[in-house]
Amino acid sequence: NSVFLQTHIISQLYTFVNAASFCHVHLTLLSQGDYTIIATSMINKITISVITPTYNSGKTLAKTLTSIKKQNYPKEKIEVLIVDGGSSDNTTEIATSFGCKVIPNPKTDIVNAEYIGYLAAKGKYSLFIAPDEVLENPNSLRIKESVFKINKKIKSILPSGYKTPMD
């Protein structure tokens, strides 16, 4: 009966946690007997978090997000966080249509938005890109990831060499 209960608990916990798209689950049974302690460890599948601060960025955001979508990088390993300062245009609708996570920024300043995005990021690495910039090279994320791997001290990359899309 105890073995059945332990197996049932593990099975239910595995099903519950594994349903979250952002993690793999490893379960370990730590003790035997009447009390069962289950340890879980989640391994993040997200490698790169792209953080974009926005405020009424509807005119250019779709071009930025399209450039991210066109990257030759596994889509399941990228998360795009849009940290919005209360846009009154279609910025959040555009972000949602691209499958981005939209996070409110109670202040409208960029520095606060980047900080909020950094705290919310699930990726191993963070990339900050403005809502009016595009990644021209379809291998840009692969190149940036290689920089992270070459130098373990690098944990975040700021924009450099991006192109502002024409309206």
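A nonpolar core is taken here as a set of buried Ala, Val, Leu, Ile, Met, Phe, Trp, Tyr and Cys residues that are joined through side-chain atoms within 4.5 Å. In the predicted model examined here, the largest such core comprises 16 residues, among which Val 50, Leu 65, Ile 68, Ile 78, Val 80, Ile 82 and Leu 141 touch the most other members. At least two residues of this core are supplied by each of strand S3 (48–54), helix H2 (61–69), strand S4 (78–84) and helix H3 (91–97). In soluble globular proteins, nonpolar side chains tend to be buried together.

When contacts between residues at least 6 apart in sequence are considered, 66% of them join residues that are at least 24 apart.

The surroundings of Ile 82 and Cys 100 illustrate how residues from separate parts of the sequence meet. With neighbours within four places in sequence left aside, Ile 82 is in contact with Thr 52, Thr 54, Leu 61, Leu 65, Ala 95, Cys 100, Lys 101, Val 102 and Ile 103. Cys 100, which is placed in the loop between H3 and S5, counts as buried because its relative accessibility is 12%, the cut-off for burial being under 20%. Under the same exclusion of sequence neighbours, Cys 100 is in contact with Leu 65, Val 80, Ile 82 and Ala 95. Although Cys 100 and Val 50 are 50 residues apart in sequence, their C-alpha atoms lie 9.8 Å apart in space.

Helix H2 has Leu 61, Thr 64, Leu 65, Ser 67 and Ile 68 as buried residues. Because these residues cover an arc of only 155° around the axis, they are on the same side of H2. The elements against which the buried residues of H2 pack are S3, S4 and H3. The loop between S3 and H2 contains Asn 56, a residue that is not a glycine and yet has a positive phi of about 50°. Asn 56 counts as partly exposed, since its relative accessibility is 32% and thus falls between the limits of 20% and 50%.

An α-helix has 3.6 residues a turn, so residues three or four places apart point the same way. Leu 119 also takes part, together with Tyr 115 and Tyr 118, in a nonpolar patch on the surface, the accessible area of the three together being about 360 Å². Tyr 115 itself lies in helix H4, which spans residues 110–120.

Terms used
Residues numbered from 1 in each chain as written. Predicted model: local features only at pLDDT ≥ 70, side-chain atom pairs only at ≥ 80, totals over all residues. Heavy atoms only, no water. Patch = residues over 30% accessible without salt bridge, like charges linked within 9 Å, V, L, I, M, F, W, Y side chains within 5 Å. Areas by Shrake-Rupley, 256 points an atom, 1.4 Å probe, with all protein chains shown as cover. Salt bridge = Lys/Arg side-chain N within 4 Å of Asp/Glu carboxyl O. Helix = DSSP H or I, 4+ residues; strand = E, 2+ residues; numbered from the N terminus. Buried < 20%, exposed > 50% of the residue type's maximum accessible area, 1.4 Å probe, protein only. Contact = heavy atoms within 4.5 Å. Arc of directions from axis to C-beta.
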